[in-house]
Amino acid sequence: MKTQDLKFIIVEKNEHLHVSYLNYLKKVDGFQLMGIYTTPHKALKDFNRTRPNIVLTEVDLEETSGLETIQLYRKKDWNVKVVMISENNDFELIKKSFKKGANGYLTKPMSADKFSHALTSVREEGATISNDIVKQVVSNFNRKSYSFFSERENQIVDYLCNGATYKMIADKLFVTTSAVNFHIQNIYLKLDVNSKSEALSKLESL
């Protein structure tokens, strides 16, 4: 390992993907893979030996959410960069990841180029994010927002306008359907309507 190489580890529960990551490394210079783990427990146990500069971790892990491991790695080394990897590109989950302290978010499927670009971005910029997420972030900032609705109500209105059901909205926002129903009733009250169709019709005219 060259002295300037950055060390990193990968936490990925799907062992079939481990070979893919090893193949991606053939196109990456300046980095040293110190280990691939199926659980965060094993990665944390081995942390004092590996001393990674970067941790690439799957969000959906069997022991716990990858989001909950961010601070566990930081307790080992406050300067370690933690990047989330997931098939889920839901905007709320992405926001939650960064609020938890993630330094990046990558979506699957991975590729050699995406893998190389991500590591290089973390080294040079301190963070990384997939292109599809960048587009989604821009789209979210361009969404129409109504001043008479709260932030949560605006989120729900946006989902309603895109045809989402109460359950779909609840899953997206990590809340119960009862909570969604409560907000929707407030939305109806503010719009002075009694149904979803009336609400959507009135929103179109605003």
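I began with Pro 109, which lies in the loop between β5 and α6 (112-125); helices (H or I, at least four residues) and strands (E, at least two) are DSSP runs, numbered from the N terminus. The peptide bond from Lys 108 to Pro 109 is cis, with omega near 0°.

A note on the source: this is a predicted model, where local features need pLDDT of at least 70 and side-chain atom pairs count only at pLDDT 80 or more, while totals for chains, interfaces and linings use all residues. Residues are numbered from 1 along each chain as its sequence is written, and side-chain values use heavy atoms, with hydrogens and water left out.

Next I looked at Arg 51, in the loop between α3 (47-50) and β3. Arg 51 is not a glycine, yet has a positive phi of about 45°.

Then I traced the sheet, which is open and has 6 strands with parallel pairing, in the order β2-β1-β3-β4-β5-β6; two strands pair if DSSP finds at least two bridges between them. Which strands stand at the edges? They are β2 (31-37) and β6 (128-129), each with a single partner strand, so one side of each has no neighbour in the sheet. I found 6 bridges joining β1 (residues 6-11) to β2 in the parallel sense, and Lys 7 has Gln 32 as its bridge partner in β2.

I checked two helices against the sheet. Helix α4 (residues 66-76) lies across β1, β3 (54-58) and β4 (81-86), at about 165° to β4. Helix α5 (residues 91-99) lies across β4, β5 (104-107) and β6, at about 145° to β5. Contact means heavy atoms within 4.5 Å; axes are lines fitted to C-alpha atoms, for helices over the stretch in contact, and angles run from 0 to 180 degrees between N-to-C directions.

Last, I looked up the UniProt record: its unreviewed entry lists "domain: Response regulatory" for residues 7-123, and such annotations may be inferred rather than shown by experiment. The end C-alpha atoms of that span lie 11 Å apart.
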